[in-house]
Amino acid sequence: MGFATDAIHVGQEPDPATGAIVAPIYQTSTFVQDSFGHHKGFDYARTTHPNRQALERTMARLEAGTQAYVFTSGMAAIDAVFRLLRPGDHAIISEAVYGGVFRLTTQFLVQFGLEFTFVDTSRPDAVAHAIKPSTRMIYVETPTNPTMKVTDIAAIARIATARKLILVVDNTFLSPYFQQPIKLGARIVVHSMTKYLNGHSDAIGGAVVLTQPEDAERIYFVQRSAGAGLAPMDCFLVSRGIKTLAVRMAQHDANGIALARFLESHPKVQRVLYPGLPAHPQHEIARRQQTGFGGMISFDVTTLPAARAVLDHVKLCSLAESLGGVETLISHPATMTHASIPTEVRQQIGITDGLIRLSVGIEDVEDLVADLGQALSHL
Ligand SMILES: Cc1ncc(COP(=O)(O)O)c(C=O)c1O
C-alpha cells in the first residue's frame with residue numbers, strides 16, 4: 001500500500017472486542033492471566049502493552065524496517081542505541097548533531113568506556129579517515145540541527161558496510177515521508193517522535209527502527225529492563241498524529257520553500273540554510289535522497305542583538321524549543337537547544353550568535369511571511 005494508507009492503517013486495525021475504529025487506550029499496568037503460565041500476550045506494561053505494540057508496527061512499516069521499539073523520548077531511544085556498544089568501542093558522530101546527543105555522549109556515556117569522534121559526515125572522506133580498529137558505529141543526523149547540512153546516506157552506508165560498522169541515522173527532521181534511510185543502506189533509524197511524527201506538540205516520544213534480529217533483541221532487552229518504553233496515552237497520541245503525517249508534511253514543505261525564498265531575498269538576512277534552495281551546498285544530494293525538503297529553516301541575521309530583536313518582535317511565530325508541530329516555532333540555537341555545546345565548538349560548526357531556527361508550521365503562509373517581515377523590519 002502507499003505511504004499515507006500505511007500511516008493510517010498499519011497497527012491501527014479496528015478493536016477486535018468492540019469494532020471501535022480507533023483502538024482504545026489500554027491504561028493499565030498489568031494484565032490478568034487466564035491460568036498459571038497462560039496469558040493473552042501481555043503480562044506487565046513495562047514489558048509492552050497493546051498501544052505500544054500498535055505504534056511499533058506502524059513505525060517499522062513506515063521506515064521500511066523489520067522491527068521498531070518506542071521510548072519515552074527521542075533521547076531515551078538514542079541512549080538505547082548506544083547501548084549496543086561495549087566498553088572500549090568507538091563511534092563516529094555528525095559534528096553538528098542535536099545538542100542533547102552531544103551532551104549524552106561527551107558528558108555521560110564516556111564514563112562507561114565509550115569513545116566518540118565528531119566529524120563532518122557530509123564529507124565521506126572525513127568519515128573514512130576517522131575510522132579506527134575500535135570503531136563500531138557511525139551515527140548520522142541529516143539534515144543536521146540547526147545547520148541543515150546534508151549527509152549522503154548511501155555513500156556513508158557503503159563505508160559502513162565495507163568496514164562492518166553499524167550505521168544509525170536520526171531521521172527526525174524529515175520523517176519517513178520525505179526520507180527512508182534504511183532504503184539507502186542504514187541499519188538503524190532513530191526518531192524524536194515528539195516532532196513531526198506526533199506533529200501536535202502534545203507528547204514526547206522516541207523510536208528505534210531496526211533491520212537486524214540481533215539488534216532488535218538487544219534493544220527490546222534494554223527497553224524492558226531499563227523501563228523507558230512509551231506509556232499508553234503517549235503511544236495513542238503519536239499514533240493519532242501519524243495518521244495525518246502525509247498531509248502535514250506536504251504542507252510543511254510548501255510553506256518551508258516559500259519562507260526560505262522570502263528570507264533568501266530579504267536584505268537583513270545574511271544567509272539562509274535550507275536544502276531546498278539551489279544555493280545550498282548539498283542541494284543535489286538532498287534532491288537525490290529526499291522526496292521533499294520539509295519545514296526546518298535556519299537563517300542568520302549576523303549578531304546576537306539582531307537575533308534578539310527578531311525573536312522579541314515575532315507575534316504569530318512562537319518563541320520555543322522543539323519543532324515539527326503544526327504551529328510555527330522560532331528559536332535561538334546558541335542559547336537554547338545547543339547551549340550545552342561549548343562556544344568554540346559551536347562557532348566552528350556554524351551555530352553563530354545570529355543564527356535563528358524556524359520550524360515552519362502549517363498556518364497560511366502569507367501570515368507567516370507578514371509576521372517575519374514585520375519582525376525583520378526592526379533591524
Ligand atoms: C534531531 C533530533 N534528535 C533527537 C532529539 C531528542 O528528542 P526528544 O526531545 O524527544 O528527547 C531532538 C530534540 O530536539 C532532535 O531535534
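About 330 Å³ of space lies in the second largest pocket of this predicted model. A pocket here is an open set of points on a 1 Å grid over the protein atoms alone, where a 1.4 Å probe fits and protein lies on both sides within 12 Å along at least five of seven lines; lining residues have an atom within 4 Å of a point. A volume is the space filled by probe spheres set on the points.

Residues are numbered from 1 along each chain. Because the model is predicted, local features need pLDDT of at least 70, while totals for linings use all residues.

Met75, Tyr98, Ser192, Thr194 and Lys195 lie nearest the centre of the second largest pocket. Helix α3 (74–82) gives the largest share of this lining, 3 residues. For the largest pocket, the closest residues to the centre are Asp15, Pro16, Tyr26, Phe42 and Pro50.

| Pocket | Volume | Lining residues |
|---|---|---|
| Largest | about 390 Å³ | 18 residues |

Now for a pair of helices (DSSP runs of H or I, at least four residues). The axes, lines fitted to C-alpha atoms over the stretch in contact, of α2 (residues 50–62) and α9 (residues 232–242) come within 8 Å and cross at roughly 35°. Contact (heavy atoms within 4.5 Å) involves residues including Leu55 and Met59 of α2 and Val238 and Ile242 of α9. By class, this contact has 7 nonpolar, 3 polar and 1 charged residues.

Technical notes. Predicted model: local features only at pLDDT ≥ 70, side-chain atom pairs only at ≥ 80, totals over all residues. Heavy atoms only, no water. Axes fitted to C-alpha atoms, helices over the stretch in contact; angles between N-to-C directions. Helix = DSSP H or I, 4+ residues; strand = E, 2+ residues; numbered from the N terminus. Nonpolar A, V, L, I, M, F, W, Y, C, P; charged D, E, K, R; others polar.
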